[in-house]
Amino acid sequence: MASQQQLSAIKGSRVLMVGAGGIGCELLKTLALSGFQDIHIIDMDTIEVSNLNRQFLFRQSHVGQSKAKVAREAVLKFRPHIKITPYHGNVKDPDFNVDFFKQFNVVLNGLDNLDARRHVNRLSLAAEVPLVESGTTGFLGQVTVHVKGRTECYECQPKPAPKTYPVCTITSTPSKFVHCIVWAKDLLFAKLFGDKNQENDLNVHSTDAASSSEQAEDAFERRKDEDIEQYGRRIYDHVFGYNIEVALSNEETWKNRNRPRPVYSRDVMLNGLAQQNGNISDKNCAMDDPSSVSAMASLGMKNPQDIWSLMENSRIFLEAFKLFFVKREKEIGNLTFDKDDQLAVEFVTTAANIRASSFGIPLHSLFEAKGIAGNIVHAVATTNAIIAGLIVIEAIKVLQNDTNNYRMTYCLEHPTRKMLLMPVEPFEPNKSCYVCSETPLTLEINTHRAKLRDFVEKIVKAKLGMYFPLIMHGPALLYEVGDDLDEDMVANYAANLEKVLCELPSPITSGITITVEDLKQELTCNINIKHREEFDEEKEPDGMLLSGWTQSSSVENDDNKSIGNGGSTSNAAQTVPDDSEKNDEMGSVPSGKKRKLSEVPDAAAQDFSSVTDGSRNHKKLEVVDDDDDLLMLDADPGINKKKRLQ
């Protein structure tokens with residue numbers, strides 16, 4: 001039972017929830033049943049069928065509706081007298097600014113991506129409102145507390161970047177099925193159905209064009225009077241046959257590798273089967289809803305856990321290709337891969353399997369391929385419920401200003417020292433954190449070659465997470481984003497973007513310091529510039545290197561990454577014990593006592609928040625995720641020395 005003091009703190013509080021998905025549904029229910037009277041919810045998503053297995057506030061009839069609004073209606077049915085205010089919008093919208101955050105006593109995060117988490121962290125710091133972060137990945141989960149000046153902020157420990165693969169591996173020498181998935185999703189699907197102007201590393205030159213001709217035909221362009229079946233088979237033969245033969249022509253590449261086998265449609269499909277594809281799809285796919293279009297359904301194939309043969313994959317590939325042009329032609333040119341798009345998943349799965357067959361890589365079922373393509377570890381509703389309860393426990397401590405009892409709590413899959421919940425005391429702010437400690441950063445960059453646009457896109461937005469930046473060199477304003485700028489200023493800043501750094505009106509050269517601000521986040525960062533001539537294209541594909549944003553103690557990184565679900569939180573209290581320590585059974589330690597850092601188990605030493613917004617550069621391809629609460633799992637950082645919060 002809650003004490004009178006706790007009840008008073010709960011009933012008098014105003015709480016902001018960000019996210020109404022897997023964790024959010026459980027959290028809203030728990031807040032309501034715990035006595036909270038004034039709850040505000042922000043979520044930009046609408047309900048999808050795939051949400052219904054764990055987001056229990058939603059029903060089939062709610063599909064397509066706002067998560068925040070439906071969650072409110074569902075909870076008010078059993079707690080009609082409390083106040084719940086939903087906002088169907090992006091937490092990064094201008095309306096949700098620092099002043100908006102200041103009206104709350106605590107912010108509770110149930111988000112699904114690193115970008116939004118960083119934004120909420122900065123607004124909470126600026127508004128001086130405590131933040132409780134959370135995340136789950138299958139049976140694992142964690143909850144952390146972030147209070148300005150008292151504990152480290154969400155960004156005190158830099159988050160590892162998404163797993164990336166060199167383009168040369170993806171396009172020429174795949175050795176794992178995930179390489180084939182990335183090729184099918186980020187190259188082939190994007191080339192055929194996405195933005196035609198986007199840079200793409202696929203070989204587009206056809207067999208009919210002389211290799212030396214500058215006017216070589218683009219094999220992906222549909223020819224005049226070419227029907228869909230002919231177009232589809234030509235694309236098939238180009239990417240799975242001709243392009244493999246081109247790769248084989250480089251003998252040096254295959255000296256120590258198994259040679260791939262070109263695959264042509266004539267080799268794996270009978271003419272009658274190819275013709276049958278078209279007849280079946282015309283008869284069975286007269287559907288109005290694009291998301292319900294399915295090549296599997298057209299061909300009478302029902303089990304997504306079957307591993308299809310090369311011929312079956314080829315049939316479904318060509319059928320999916322045709323259905324995009326017959327049923328979804330208006331979307332072509334604007335499509336991006338979505339794991340909830342059945343036809344897109346079918347196309348990517350079959351394309352990846354056909355390519356895998358060429359390179360001697362084991363084939364996978366659609367169910368398995370969808371999980372890889374969407375970086376999915378299937379959510380466990382019980383974990384979400386446990387984490388939601390822990391969030392509320394920490395929120396109550398925050399409302400009572402019970403700082404001595406704040407805990408970062410890890411939910412484990414297997415008992416460690418007879419514990420499934422591992423509480424750890426928070427740590428002090430990292431003095432090298434550029435967000436909460438305003439520590440200057442250092443940028444190594446070729447100031448004679450890089451443009452201001454490169455700096456804005458690759459550093460300011462991608463690395464620092466500022467989307468309304470203001471860039472200054474001394475008193476000179478070099479760039480600004482805002483709705484209140486006049487046309488001359490907009491034109492001037494646009495012109496600056498295309499200038500090399502050393503040729504700007506106030507030149508950026510080695511040894512100078514520039515200031516970057518985001519007025520909406522109320523965040524300022526100073527960056528020391530260091531000129532550097534050359535960069536390793538594979539290791540430093542951006543052509544620039546940002547440093548100074550470091551963990552506050554030595555860290556050993558494990559390169560083995562796994563895929564995880566909805567996570568978030570700081571890397572703070574994480575030391576990875578060795579095997580002997582993990583197997584050492586000890587009595588449980590009460591959460592009120594201080595714990596040695598080495599007592600945090602391996603399973604708890606996970607930070608589930610390495611996902612970014614999915615941007616990719618021209619040298620590497622990223623494996624990222626955008627599901628409701630399904631995320632890439634970070635590596636296990638081992639922190640040897642950390643200063644515990646006193």
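This is a predicted model: local features need pLDDT of at least 70, side-chain atom pairs count only at pLDDT 80 or more; totals for chains, interfaces and linings use all residues.
1. Overall make-up. The chain has 646 residues, of which 55% are buried, and its secondary structure comes to 18 helices and 18 strands. Of the contacts in the chain with a separation of 6 or more, 72% are between residues 24 or more positions apart.

2. Helices H12 and H13. Helix H12, which covers residues 310-327, packs with helix H13, residues 342-358, at an angle of about 140°, and the two axes are 8 Å apart. An angle over 145 would count as roughly antiparallel, and H12 and H13 are therefore oblique to each other. Their crossing is left-handed. On the H12 side the contact is made by Leu 310, Asn 313, Ser 314, Ile 316, Phe 317, Ala 320, Phe 321, Leu 323 and Phe 324, while the residues on the H13 side include Leu 343, Ala 344, Glu 346, Phe 347, Thr 349 and Thr 350. By class, the residues of this contact divide into 12 nonpolar, six polar and one charged.

3. Helices H7 and H13. Helix H13 also packs with helix H7 (residues 177-193), here at an angle of about 125° and with the axes 8 Å apart, which makes H7 oblique to H13. The crossing of H7 and H13 is right-handed, whereas that of H12 and H13 is left-handed. From H7 the contact draws on Phe 177, Cys 180, Ile 181, Trp 183, Ala 184, Lys 185, Leu 188, Phe 189, Leu 192 and Phe 193, and from H13 on Ala 344, Phe 347, Val 348, Ala 351, Ala 352, Asn 353, Arg 355 and Ala 356. In terms of residue class, the contact of H7 with H13 has 15 nonpolar, one polar and two charged residues.

4. Helices H2 and H15. Helix H2 (residues 22-33) and helix H15 (residues 381-399) pack at an angle of about 50°, with 8 Å between their axes, so that H2 is oblique to H15. H2 passes H15 in a right-handed crossing. The H2 side of the contact consists of Gly 22, Ile 23, Glu 26, Leu 27, Thr 30 and Leu 31, and the H15 side includes Ala 381, Asn 384, Ala 385, Ile 387 and Ala 388. This contact of H2 with H15 has nine nonpolar, four polar and one charged residues.

5. Arg 328 in the loop between H12 and H13. Arg 328 is found in the loop between these two helices and is buried, with a relative accessible area of 5%. The side chains of Arg 328 and Asp 341 are joined by a polar contact of 2.6 Å. Arg 328 and Val 293 are 35 residues apart in sequence, and their C-alpha atoms are 9.0 Å apart in space.

6. Lys 67. Lys 67 is placed in helix H3, residues 67-76, and counts as buried because its relative accessibility is 1%, where the cut-off for buried is under 20%. The side chain of Lys 67 makes a polar contact of 3.4 Å with the side chain of Gln 55.

7. Two positive phi values. Arg 417, although not a glycine, has a positive phi of about 55°, and Glu 438, likewise a residue other than glycine, has a positive phi near 55°. Arg 417 is found in the loop between strand S8 (408-416) and strand S9 (419-424), and Glu 438 lies in the loop between S9 and strand S10 (441-445). Arg 417 is buried, with a relative accessible area of 6%, whereas Glu 438 is exposed at 58%.

8. Cys 433. The loop between S9 and S10 also holds Cys 433, which is buried, with a relative accessible area of 0%. Leaving aside residues up to four places away in sequence, Cys 433 touches Cys 153, Glu 155, Cys 156, Glu 438 and Thr 439. The C-alpha atoms of Cys 433 and Tyr 154 are separated by 10.0 Å, although the two residues are 279 apart along the chain.

Definitions and conventions: Residues are numbered from 1 along each chain as its sequence is written. Side-chain values use heavy atoms; hydrogens and water are left out. Helices (H or I, at least four residues) and strands (E, at least two) are DSSP runs, numbered from the N terminus. Buried means under 20% relative accessible area, exposed over 50%, partly exposed in between (1.4 Å probe, protein chains only). A polar contact is a pair of N or O atoms within 3.5 Å; within protein, one must be able to donate a hydrogen and the other to accept it, and residues adjacent in sequence count only if both atoms are side-chain atoms. Axes are lines fitted to C-alpha atoms, for helices over the stretch in contact, and angles run from 0 to 180 degrees between N-to-C directions. Angles under 35 degrees count as roughly parallel, over 145 as roughly antiparallel, 65 to 115 as roughly perpendicular and the rest as oblique. A crossing is left-handed if the near helix is turned anticlockwise from the far one by less than a right angle, and right-handed if clockwise. Contact means heavy atoms within 4.5 Å. Ala, Val, Leu, Ile, Met, Phe, Trp, Tyr, Cys and Pro count as nonpolar, Asp, Glu, Lys and Arg as charged, and the others, Gly among them, as polar.
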